[in-house]
Every structure is written in structure tokens, then in C-alpha cells.
There are 2 protein chains.
Amino acid sequence: MSLDGYIARKDGSIDWLARVEHAGEDYGFQRFFDTVDTLAIGRNTWEVACGFDPWPYQGKRCVVLTHRPLDGHHGEERFAGPVRQLVESLATWGTRHVYVDGGQTVRQFLAAGLIDALTLSIIPIVLGEGIPLFGGELPEKGLVLDETRSWPNGLVQVRYRVAAS
Amino acid sequence: MSLDGYIARKDGSIDWLARVEHAGEDYGFQRFFDTVDTLAIGRNTWEVACGFDPWPYQGKRCVVLTHRPLDGHHGEERFAGPVRQLVESLATWGTRHVYVDGGQTVRQFLAAGLIDALTLSIIPIVLGEGIPLFGGELPEKGLVLDETRSWPNGLVQVRYRVAAS
């Protein structure tokens, strides 16, 4: 997110992420991604992912949270109910580590108390306006800082565990 | 601020800062404060400061930005015009380093391109709602990360220079 908490411009564009794009540097993403078996992402995040070639979530179960019909070409599944029900259902399938992405989706999971760990990469920019990661009257949650890292280009990554409430 | 970008609860209370209060630890504040000759703070921040005994800004010139009358007992000055005019006026008085605090005031200075450096302490909590530091359609500003520090209790401090726009 930008320092002022936005994950995209108002029109959804993420061109400003280019300031931290460097060949060969993924800010720990692959190492994290390797631990994940399932993705739960919002529709907007899915649409951004569909713009990448190759499909970035290859080899993972991918659930897209949307109320609209889904024209997925990568084996994506669509889910439209309460996120607690999704997590319970995934557990019966042996899912162990779900990667949740997208502003609305992260907020839904946070609100339901279903997030164990939160990793945020803070991009060195004040966007001024855009689509916020937080907001919308979430319940209060204490956090435990696990790790903080920074890179020479100014990206700061913080990783928290969500305290039991 | 909280991880979700709030500087106070909706009612202005900052009780949640208690989770990072430790005797003898000021997170670098005094070292920073010693470099400052003048404060420019918003009225709400001033009201919070008035609740402390002793007055925390002793020995500094203190300008409170407010349109309402000000009943200051510590030599505070009141200012109600454009912040650029304030900075120009302070410069003629030999002011060298102004400490700007308060959500609205920081945003006004940022919008006017009058902030050189930005220090943020991120408290390990998602408040869920409150008074935001950012928001309100600021102009986009690139930042240069100067330093990041973290403390065992989970406070993360980031310091940026504001890039020339």
C-alpha cells in the first residue's frame, strides 16, 4: 500500500508500484507464496491478476469472492457467501494456509477474525487518493509485530500476527 | 498512527497509545524535539497537549492553527490564514525547523508542499475507525525513505524525506 493506505488509484490502476519494481527482487513474495495452498481474492484483485501472463496463481487453488458470474479460465472457483463458511469448507478439503488478497476481501476476513498474519509492503509514496486497504468500521484488533524489513528503494515491509481478541 | 492510519479514536481519545508507553522510552522524540524551534499544530492536537502537565512544548514557539478564539496559557500564538503565509512569516523571524502536528495541519502543509520530512510511528493495532492522518485528496508526493526502526513492543517508526514534486 502507499504510505497513506491506498492499494490502487481510484480507477484501480497500480502503475505507481513501478517505483519499487526491480528485476529479480520480489520482496519475499515467492518464499511466502510457496507456503500457501489456496488463495481467496476479491474480484478486483482477480481482474488485475488476469492481466498478467502467465497466470500468477498457477498450481494454487484460487477462490474468487464475487456476487457476479465469473468467467475464469484458470480453474478459479467462485464464492459468494460469508467468509467464515468459506474457511470452514476449505478446512474440510485439507486447506492449511490461505492467502487472502484484495481490500474488501482482507477487510471481510479481518472483521470475521479469520486473519492470523498480516504482511504489508509500504511503498514510499503519498498517493493522495485511491482505493483504501482499511476503513469501513472494522473491529479493533491488537497486533504483534513479527518482522520489519526495508529495501534501498524505500519499500518497508511489516509482518504482524493478529492477537486473539 | 494505527496500522490502519488513524491518529485518534472518533472521539479524539488516544488511550490505545498506552500499549507502547514505556517508562524511559520516547522513541526518539526528545532528540528530534531538540532540533525544533517552532511548532505548528492543529487545534485538536493543542487541546490534547493542554491536558498534559507540565506543558510539553515549553521553550518552543507554538503556533496553533484555528479559526476559533484561543485561550492559550503557555504563550501560544493563533494563526488562521494559509499555511504558506505562516511559513513565510516564520522565516522572517529566523525560524529554521518547524514541527508540524495534527491530522488536518499535516495535510494542509503536505498539500502546500511545505513538508520536508515525515516521521510516522506505526502502533501495532488495527483501530477499525477513528480520525485519519491522511485522506481528503492530497496531491501525490514521492517519498525517500531515510530510516526505519522497530521496537520489541511492535512500534515501527519510518522516516521519509518528501521528494521535490
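Tutor: Before we begin with this predicted model, note that two residues are in contact if their C-beta atoms, placed from the backbone, lie within 7 Å.

Student: How many residues does the contact take from chain B, and how many from chain A?

Tutor: The contact is counted on each side in turn, with chain A and chain B both giving residues to it. Chain B gives 26 residues, and the number taken from chain A is 26.

Student: Which element gives the largest share of the side of chain B that touches chain A?

Tutor: On that side of chain B, the elements that give two or more residues are β7, β9 (141–150) and β10 (156–162) of chain B. The residues there divide into 15 nonpolar, 6 polar and 5 charged. The largest share amounts to 7 residues, and the element they come from is β9(B).

Student: In β9(B), which residue is the bridge partner of A:V126?

Tutor: Strand β7 of chain A, residues 125–126, is joined to β9(B) by 2 bridges, and these strands run antiparallel. Within β9(B), the bridge partner of A:V126 is B:K141.

Student: Which residue in β10(A) is the bridge partner of A:L118?

Tutor: β6(A) pairs with strand β10 of chain A, residues 156–162, in the antiparallel sense over 6 bridges. In β10(A), the partner of A:L118 is A:Y160.

Conventions
Residues numbered from 1 in each chain as written. Chains lettered and ligands numbered in written order. Predicted model: local features only at pLDDT ≥ 70, side-chain atom pairs only at ≥ 80, totals over all residues. Pairing = 2+ DSSP bridges. Helix = DSSP H or I, 4+ residues; strand = E, 2+ residues; numbered from the N terminus. Nonpolar A, V, L, I, M, F, W, Y, C, P; charged D, E, K, R; others polar.
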